[in-house]
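Me: I am new to this structure and would like to go through it in steps. Please show it first.

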Amino acid sequence: MKQILNFLSIIIFCLGCVYIFAQNAIAKGESTVNNLENNFNGKKVLVAYLSWGGNTKSIAEKIQKQTGADMFRIETKVPYPTDYNETAYGVAKEQHEKGIKPELKDNGNVSGYDIIFVGTPAWWYTMAPAVMTFLENNDFKGKTIVPFITHGGGGGYNIAKEMGDFAKGSTVLKPIVIYENGNKDTENDIKVWLKELK
Ligand SMILES: Cc1cc2nc3c(=O)[nH]c(=O)nc-3n(C[C@H](O)[C@H](O)[C@H](O)COP(=O)(O)O)c2cc1C
């Protein structure tokens, strides 16, 4: 009887080991598939963005959720006014017209990353000047930039190409261009866009 109980204990122990091993394999399989789905297998990914009114921030958060990337908010040393007209028709317009690239609170550091999503609102037909500062003040040689742009009706202009001009030595992939903060389809649009990135 004792021998039978011992034998049964060994069988139960072995089944337990097989179960734990199988669960681990399934978990690993899932995470690999997810990564492969997004083409970010083994890559270090950063989402860097500027947002004055919150639209670009909300898109940045959606991208972060689907990629597991680190986040960096681009902010100017001297903050933009909280009043829309003062920002749009005052400070930002002057920066645009005079080609001023404002100093940043923190330049960030892209050195540890392979892929950098760069988000900006469209400001006066191009990216926000502080995003130009960010692109110029970091070394993008050999890095991949993935632009995401929010706008108020004008579209993405030439912003993706211009990002490449500021970020010397980078490769720029297809941007996603979103009106204001998107709509009910945006989450899925981002998913499809991420899947198709090459
Ligand atoms: C200074 C400024 C300039 C803007 N210029 C444009 C523009 O040229 N074309 C456009 O479609 N929208 C323009 N907009 C609207 C913003 O691009 C749009 O509302 C964007 O989603 C705002 O993003 P945010 O909430 O992250 O700041 C401008 C907004 C501001 C504040």
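Reply: The model shown is predicted.

Me: Which residues of α6 meet α2?

Reply: On the α2 side, the residues are Lys62, Ile63, Gln66 and Thr67. By class, the contact of α2 with α6 has 3 nonpolar, 3 polar and 3 charged residues. On the α6 side, the residues are Thr186, Glu187, Ile190, Lys191 and Leu194.

Me: Is Ile190 buried or exposed?

Reply: Ile190 lies in helix α6. Leaving aside neighbours within four places in sequence, Ile190 is in contact with Lys62, Ile63, Gln66 and Ile176. A residue needs 20 or more other C-beta atoms within 10 Å to qualify. Ile190 has 20 such neighbours, so Ile190 counts as buried.

Me: How far apart in space are Ile190 and Ile59?

Reply: In sequence, 131 residues separate Ile190 from Ile59. From C-alpha to C-alpha, the distance in space is 8.8 Å.

Me: Which helix is largely enclosed by the rest of the structure?

Reply: Across the chain of 198 residues, 29% are buried. In the helix of residues 129-136, the buried residues are Pro129, Ala130, Val131, Met132, Thr133, Phe134 and Leu135. What covers these buried residues includes β1, α3, β3, β4 and α5. Since 7 of its 8 residues are buried, the helix largely enclosed is α4.

Me: How many residues surround the ligand, and which are the closest?

Reply: Elements that each supply at least two residues of the shell are α2, α3, β3 and β5. By class, the shell has 8 nonpolar, 11 polar and 2 charged residues. The ligand is surrounded by 21 residues, and the closest are Gly53, Thr56, Pro121, Gly152 and Gly154.

Me: How many helices and strands does the chain have?

Reply: Read along the sequence, the pattern is α-β-α-β-α-β-β-α-β-α-β-β-α. The chain has 6 helices and 7 strands.

Conventions:
Residues numbered from 1 in each chain as written. Predicted model: local features only at pLDDT ≥ 70, side-chain atom pairs only at ≥ 80, totals over all residues. Helix = DSSP H or I, 4+ residues; strand = E, 2+ residues; numbered from the N terminus. Buried ≥ 20, exposed ≤ 12 C-beta atoms within 10 Å, placed from the backbone. Contact = placed C-beta atoms within 7 Å. Nonpolar A, V, L, I, M, F, W, Y, C, P; charged D, E, K, R; others polar. Near = placed C-beta within 6 Å.
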